[in-house]
Amino acid sequence: MSWGTELWDQFDNLEKHTQWGIDVLEKYIKFVKERTEIELSYAKQLRNLSKKYQPKKNSKEEEEYKYTSCKAFLSTLNEMNDYAGQHEVISENMTSQITVDLARFVQELKQERKSNFHDGRKAQQHMETCWKHLESSKRRFERDCKEADRAQQYFEKMDADINVTKADVEKARQQAQIRHQMAEDSKADYSSSLQKFNQEQHEYYHTHIPSIFQKIQEMEERRIVRIGESMKTYAEVDRQVIPIIGKCLDGIVKAAEAINQKSDSQLVIEAYKSGFEPPGDIEFEDYTQPMKRTVSDNSLSNSRGDGKPELKFGGKSKGKLWPFIKKNKGATPEDFSNLPPEQRRKKLQQKVDELNKEIQKEMDQRDAITKMKDVYLKNPQMGDPASLDHKLTEVSQNIEKLRLEAQKFEAWLAEVEGRLPARGEQARRQSGMYDGQGAPTANSCAQDRESPDGSYTEERSQENEVKVLATDFDDEFDDEEPLPAIGTCKALYTFEGQNEGTISVMEGEILYVIEEDKGDGWTRIRRNEDEEGYVPTSYVEVYLDKNAKGAKTYI
């Protein structure tokens, strides 16, 4: 089966077909190129998606990834990043192994096709030239034969005419002979041209055209084979990344299987455990006593100045209301004393660990500077040892400062863990938590109010009890006459009153004082008739009116 023999007369159709074949190949190249662009775009979108949901460094989100479910999600994001990388590999391999190679092959194919069809047209033109020459010889032979025939007839006519001279007859005879000779020459030339044309035509249809068409056929078959190989490569490129993509998916499954609900539940306990015991039973308060009844064990004292309000619970176990008190979202104290015991211990331990790391880092830097100084002492040409003294002194000062800071936090940690006796109000004021005046009066139930791990003293417990009870009693006596103002105060800092019974203030705001600090670290203030509450005494600067009456107390 050969195009040269089977399609010897389909030169134009073969030219169109081979051009169509190249167009198909270019279309396939365009298809693969667009596929690579899709793969790159998909990989980019996957990477952006993975990056979008990655936890931000040093943020609350990063802390959430200690849970196994969040760790599994993080693993999923990382695996999807690797998954995106495999789609980039697909794009790169298809570009290098298919698009680039086929583009080069198409250019070679076009050149080869152009050369083959150029040879074919050249052979056609040669045959057309031979055909024209043959036609010319044939017409000349035909013309010379007719001329010879007319000359012969004219000679015969002259020879039969008795009135024509012998000289005219001789002249006609000679002319007839000349024409006859010319006809013979034309015949010989035509015969030669015909023989030559037949030979050229035979070579054209049996040698030249088959050879040219065979080359064109081989070229077209190479194109077909090449496009088939490219399709196999196309599939193989995808197949090569399937194992790695499978590993990515296996990684996601493995991370999902590693989710442990019990472990996450334990982490919730560790994160939010306060360390307090549940509150005990509250005794019944009998309000059927005379109007001037004695203060019940669970109500506020008759004067906030005579002593701190306290809670008294029945039984040996003294309950606490810590679980029902909202966290103060204002400025966080340095010793984390606003946190429940267990959370405070964890925060202090974390701070101590951070300080120890910083100390170790500074010590390593000091050792390095010391070694460098020794080198300078031994080899003065390398540098001046005195130039390192300032840096060495600075590092030593930093170490000492960090050690003092670490000792401070270790002391607080020891207090929380019960290794040291609890500090009094004065010690807390030195730590920067309170700025109020005076120390709280000890209560008879101070021993019972100590938190389970020893981190909360009587003062701290009573402070929060005041917040709870103030709210309860404010609700109970809403109909009573408002307390008169005993002075004014200026907010030194912004305070967000998130706890019940507190009030939010802005820095620089002027408000009325209706009850001064009675040793619990809180001052009662009023903004208007409907807005009043407690703020930390350290947050305001109080200006008492000497002529004003004292704060009205509950009876």
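A: Let us begin with one residue, keeping in mind that this is a predicted model. A residue counts as exposed when its relative accessible area is over 50%, and E63 is exposed because its value is 54%. E63 belongs to helix α3, which covers residues 60-64.

Q: Which residues gather with E63 in a patch of negative charge on the surface?

A: E61, E62 and E64 gather there together with E63, and the patch they form carries negative charge.

Q: Which residues make the nonpolar surface patch?

A: L49, Y53 and F73 make this patch, which has an area of about 280 Å².

Q: How should I read the nonpolar residues inside?

A: In soluble globular proteins, nonpolar side chains tend to be buried together. Here the largest nonpolar core has 38 residues, and those that touch the most other members are L25, Y28, M94, I98, F213 and I216. The elements giving two or more residues to this core are α2 (11-52), α4 (68-160) and α5 (166-257), and α4 gives the most, with 15 residues.

Q: How many residues apart in sequence are E6 and P210, and how far apart are they in space?

A: Distance along the chain and distance in space are read separately. E6 and P210 are 204 residues apart in sequence, while their C-alpha atoms are 9.1 Å apart in space. E6 is part of helix α1, residues 3-6, and counts as exposed because its relative accessibility is 56%.

Definitions and conventions. Residues are numbered from 1 along each chain as its sequence is written. This is a predicted model: local features need pLDDT of at least 70, side-chain atom pairs count only at pLDDT 80 or more; totals for chains, interfaces and linings use all residues. Side-chain values use heavy atoms; hydrogens and water are left out. Patches are made of residues with over 30% relative accessible area and no salt bridge: like charges are joined within 9 Å, nonpolar side chains (Val, Leu, Ile, Met, Phe, Trp, Tyr) within 5 Å. Accessible areas come from the Shrake-Rupley method with a 1.4 Å probe; for residues, only the protein chains shown count as cover. A salt bridge is a side-chain nitrogen of Lys or Arg within 4 Å of a carboxyl oxygen of Asp or Glu. Lys and Arg count as positive and Asp and Glu as negative; His and the chain ends are not counted. The place of a charge is taken as NZ of Lys, CZ of Arg, CG of Asp or CD of Glu. Helices (H or I, at least four residues) and strands (E, at least two) are DSSP runs, numbered from the N terminus. Buried means under 20% relative accessible area, exposed over 50%, partly exposed in between (1.4 Å probe, protein chains only). A nonpolar core is a set of buried Ala, Val, Leu, Ile, Met, Phe, Trp, Tyr and Cys residues joined through side-chain atoms within 4.5 Å.
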